[in-house]
Amino acid sequence: MPRILLYTGKGGVGKTSVAAASAVLAAERGYRTIVLSTDIAHSLADALDVPLGPEPRRILPNLDAQEPDVYFNVQRYWRTIQSYVATLFSWHGLDEVMAEEMTILPGMDELGSLLWIADHLESDQYDVIVVDAAPTGETLRLLSLPEASRWWVERVAPISRRVTKLGGPLLQKVIGVPVPDVAVFEAAERQLGRLQRVHALLADPDMSTVRVVLNLEKMSIAEAERSFTYFHLYGYPSDLVVCNRVIPAEVGGYFAPLREAQQAYLPNVIQDFAPVPLRSVPWFDREMVGIDLLRELGKSLFGDEDPTQIFYRGRPYSIRRENGSYALSLELPFATKDEIGLSRHADELVIQVGAWRRTLVLPRALVDAPTTGARMEDRTLKVQFAARPPTGGTG
Ligand SMILES: Nc1ncnc2c1ncn2[C@@H]1O[C@H](COP(=O)(O)OP(=O)(O)OP(=O)(O)O)[C@@H](O)[C@H]1O
Ligand SMILES: [Mg+2]
């Protein structure tokens, strides 16, 4: 089975550079590799300094690269559905060009990138698939879309199909719009089914890992920690945190205070992601563009190690629902009999055990739920939350 490496992080932190660098190293180790970006604002071609298109293109022995394209994706994967939607819109009086334009339903284009991953998995042509993902927010949304579509496949599709089979023309009269024929449902179902397989494989810790790229700056760290929580919550394994653009010690002068500020963040950052390892990449004195410089960037991150290895296995924490309330389990790097201190600030939970301190960004569901206690079981800390108080209002 191929290995999937997905790199994400805040805008501008170096996702594309690190993803492309990993792909170059993987290819040079002999893995049949593809790197593709799921960010609509592609910059993979700029990073690699080679022209790329919506389909895979060979750029080195063993290395293909690709920048999937919105229109191309819709044509390739959603044509049947698109033509139904176009019928629907032109039936509503929109002119044809406009109808065509409108048929790109939200999510279709992005899901197209996931369907490309499905293609690459099914094709058996690659050992390694490197994904240069969009900034964290969009990536989280993308990764939760197939999950959200499950109800459609399981519930709506079978019913709709029956309805169209039995009473298409009649239904059309009643609801007053063209009813899609069976082919439309079948096409949707087929693609959504494939999305669900990709989703399952992305959550398979033997195959896929999400790697968070960050810079030692407040906003980038905060976003990395928040997304880390959500990746765990959704069950996407994560094996590495890449700390990019670290100012080297020998850079003095004007940049010395900036280096100091960066270094001050480091111990907390290491602790907040532990036991998932963190590796640093220096801030190079050049823009790291082109295959040779990307290789250099990759070497500074992985040395002579295999960039596709799984650097950490396990789920550092999980959240489970127990009798209407929630329990958070956190794997600690040590067992302890020390007293456990918990404090809350907005959406953060601060856990203090002796000198060890960790800030966890809580998922939405837990933000309003008071913590009712914590205990250690072996090396696992269990934090209990009360059921969320009923919210006021009618919404
Ligand atoms: N360690 C580094 N040293 C020097 N320059 C770097 C380093 N990492 C990345 N860069 C440069 O920083 C710029 C932004 O990097 P990159 O495009 O990889 O970030 P990104 O996270 O993919 O951005 P976006 O969110 O816009 O996709 C590029 O010009 C890249 O060459
Ligand atoms: Mg990028």
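Strands β1 (residues 3–9) and β6 run parallel and are joined by 6 bridges. Strands here are DSSP runs of E with at least two residues, helices are runs of H or I with at least four, and both are numbered from the N terminus. Two strands count as paired if DSSP finds at least two bridges between them. If you want a spot to look at, find Thr8, which stands opposite Val212 in β6. Before going on, keep in mind that this is a predicted model: local features need pLDDT of at least 70, side-chain atom pairs count only at pLDDT 80 or more, and totals for chains, interfaces and linings use all residues. Residues are numbered from 1 along each chain as its sequence is written, while chains are lettered from A and ligands numbered from 1 in the order in which they are written.

Let's stay with β6 (residues 208–214) for a moment. It also pairs with β7, again in the parallel sense, over 5 bridges. There, Leu214 stands opposite Cys243 in β7. Is β6 enclosed or open? It is largely enclosed by the rest of the structure, because 7 of its 7 residues are buried. "Buried" means that 20 or more other C-beta atoms lie within 10 Å of a residue's own; 12 or fewer makes it exposed, anything in between partly exposed, and the C-beta atoms are placed from the backbone. Ser208, Val210, Val212 and Leu214 point one way from β6, Thr209, Arg211 and Val213 point the other way, and all are buried.

Now move to helix α1 (residues 15–28). The expected span of a helix is 1.5 Å times one less than its number of residues. Just after α1 comes Gly30, with a positive phi of about 105°.

What sits around ligand 1? There are 21 residues around it, and Gly14, Lys15, Thr16, Ser17 and Phe284 come nearest. Being near means that a residue's C-beta atom, placed from the backbone, lies within 6 Å of the molecule or strand in question. The most come from α1, with 3 residues.

Next up is helix α3 (residues 70–77), where Asn73, Val74 and Tyr77 are buried. They lie on the same side of α3, because they cover an arc of only 95° around the axis. That arc is taken from the directions from the helix axis to the C-beta atoms. As a rule, an α-helix has 3.6 residues a turn, so residues three or four places apart point the same way. Why is Val74 called buried? Because it has 20 other C-beta atoms within 10 Å. Val74 and Gly112 are 38 residues apart in sequence, yet their C-alpha atoms are 6.8 Å apart in space.

For a last stop, look at β12 (residues 348–353) and β13 (residues 356–361), which run antiparallel and are joined by 6 bridges. Leu349 has Leu360 in β13 as its bridge partner. The hairpin has 2 residues between the strands, and Gly354 takes a positive phi near 55°.

Stepping back, the protein chain has 12 helices and 15 strands. Of its 395 residues, 36% are buried.
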